[in-house]
Amino acid sequence: MLSINDLKKEPEKEKIFLDINCDLAQSFGVYRNDTEYDLLPYVSSVNISCGLHSGDPMTINKALLSAAENNLSVGAHIGYPDLQGFGYREMNLSENEIEAIVLYQIGALQAMAKSHGLKISHVRLHGALYKKALNDFQTMLAITKAIKKIDNWMILLCAPCTNLEKACQMVEIKYATEIFLDKKYTVEGLPNFEANDVVDIAYSTKQLENILSGEGIINSNGGTTLLKINSVHLNMRNELSLEVAKMVKSKIEEPAPLSVSILEDKSWI
């Protein structure tokens with residue numbers, strides 16, 4: 001029989017199984033980009049640059065140590081071999097070349113991670129390679145084939161799209177999907193990388209609230225688009241970045257690593 005005290009108890013909040021991720025080691029040589037470390041208190045996983053678009057042995061080592069100290073899940077942040085262009089310039093590579101650069105980058109990070117007793121749990125694409133894979137199935141397929149050769153339990157993290165789902169299912173590897181709270185989205189649910197970022201805390205807050213309530217993300221037509229989301233991506237690109245990070249962590253107090261997020265499979269918006 002319920003007592004009055006039992007009736008007064010507030011219902012427990014439903015557990016939110018969403019990851020929060022950010023990129024690390026986006027430095028090389030004398031060029032330093034340490035502002036990204038300010039995001040570590042707000043994330044559950046980090047994506048470490050592997051040396052082709054950014055990152056060098058010292059910055060990679062520093063990122064791995066920080067991930068270990070903060071008990072964060074570690075992923076490989078891979079892009080085109082374009083150090084001068086920071087991986088933002090598209091390259092016309094064959095499928096064999098794409099597979100090779102994926103193997104090269106993950107392998108380098110994997111070796112350094114092993115020296116710290118860490119395991120690479122996921123792979124996140126960068127820049128022009130990210131955009132190409134969203135729109136070109138053969139590119140996405142080449143990436144998934146390379147990941148499969150290294151570890152068929154490794155998760156590919158990307159924006160939700162048909163190419164991601166189809167390629168991962170064909171090759172039989174796991175995938176997870178992410179949302180950008182400062183990007184505009186098409187009606188189809190793809191991030192519009194050509195449009196300027198939305199530097200507006202109200203917009204970012206609304207997008208996250210829609211994720212958590214299941215209302216669908218706001219698209220460019222002013223309507224909503226339903227997407228399956230496992231992770232929220234944070235960055236340090238503008239003056240509101242830390243404010244957005246704090247807002248996200250206030251609503252997802254205990255973010256779940258990607259491996260937990262995809263297993264729970266409840267993150268529909």
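Two strands are taken to pair if DSSP finds at least two bridges between them. In the predicted model described here, strand 4 and strand 5 meet this condition, pairing in the parallel sense over three bridges. Within this pairing, Arg 124 has Leu 157 of strand 5 as its bridge partner. Leu 157 has Ala 176 as its bridge partner in strand 6, and Cys 158 stands opposite Thr 177 of strand 6.

These pairings belong to a barrel that seven strands close in the order 1-2-3-4-5-6-9, with parallel pairing. From one strand to the next, the twist averages 35°. Helix 3 (residues 95-115) packs on the sheet and touches strand 2 (45-49), strand 3 (73-78) and strand 4 (120-125). The direction of helix 3 makes about 150° with that of strand 3. Helix 6 (residues 162-171) also packs on the sheet, where strand 5 and strand 6 are touched; the direction of helix 6 makes about 165° with that of strand 6.

In a regular strand, side chains alternate between the two faces of the sheet. In strand 5, Ile 155 and Leu 157 point one way, whereas Leu 156 and Cys 158 point the other way. All of these residues are buried. For Cys 158, the relative accessibility is 0%.

The structure holds zero disulfides. The closest cysteine sulfur to that of Cys 158 belongs to Cys 161 and lies 5.3 Å away, which is too far for a bond, because a disulfide requires the two sulfur atoms to be within 2.5 Å. Cys 161 is accordingly in no disulfide, its nearest cysteine sulfur being that of Cys 158. With a relative accessibility of 13%, Cys 161 counts as buried.

Aromatic contacts were examined next. A pair of aromatic rings is described by the distance of the centres and the angle of the planes. The count comes to four aromatic pairs. One of them is formed by Phe 86 and Tyr 88, whose ring centres are 5.2 Å apart; their planes stand at 90°, so the pair is edge-to-face. Phe 180 and Phe 193 form an edge-to-face pair with 5.7 Å from centre to centre and 80° between the planes. Because Phe 180 lies in strand 6 and Phe 193 in the loop between strand 6 and helix 7 (201-213), this pair ties together parts that are 13 residues apart in sequence. Phe 180 counts as buried at 4% relative accessibility, whereas Phe 193, at 24%, counts as partly exposed. Together with Tyr 130, Phe 180 and Phe 193 form one aromatic cluster.

Charged side chains also sit over aromatic rings. The charged end of Lys 62 sits over the ring of Tyr 37, at 4.6 Å from the ring centre. For Lys 166, the charged end sits over the ring of Phe 137, and the distance to the ring centre is 4.6 Å.

Backbone angles and loop positions were then considered. Most residues other than glycine have a negative phi. Ala 25, in the loop between strand 1 and strand 2, has a positive phi, near 65°. The relative accessibility of Ala 25 is 1%, and the residue counts as buried. Phe 86, found in the loop between strand 3 and helix 3, has a positive phi near 55°.

The loop between strand 1 (19-24) and strand 2 also holds Ser 44, which counts as buried at 8% relative accessibility. Leaving aside neighbours within four places in sequence, Ser 44 is in contact with Asp 19, Ile 20, Leu 72, Ser 73, Pro 255, Ala 256 and Pro 257.

Ile 211 has its place in helix 7 and is buried, with a relative accessible area of 5%. Between Ile 211 and Leu 93 there are 36 Å in space, C-alpha to C-alpha, and the two residues are 118 residues apart in sequence.

Methods:
Residues are numbered from 1 along each chain as its sequence is written. This is a predicted model: local features need pLDDT of at least 70, side-chain atom pairs count only at pLDDT 80 or more; totals for chains, interfaces and linings use all residues. Side-chain values use heavy atoms; hydrogens and water are left out. Buried means under 20% relative accessible area, exposed over 50%, partly exposed in between (1.4 Å probe, protein chains only). Helices (H or I, at least four residues) and strands (E, at least two) are DSSP runs, numbered from the N terminus. Axes are lines fitted to C-alpha atoms, for helices over the stretch in contact, and angles run from 0 to 180 degrees between N-to-C directions. Contact means heavy atoms within 4.5 Å. Rings of Phe, Tyr and Trp (its six-membered ring) pair if their centres lie within 6.5 Å; planes under 30 degrees apart count as stacked, over 60 as edge-to-face and the rest as tilted. A charge sits over a ring if NZ of Lys or CZ of Arg is within 6 Å of the ring centre and within 35 degrees of the ring normal.
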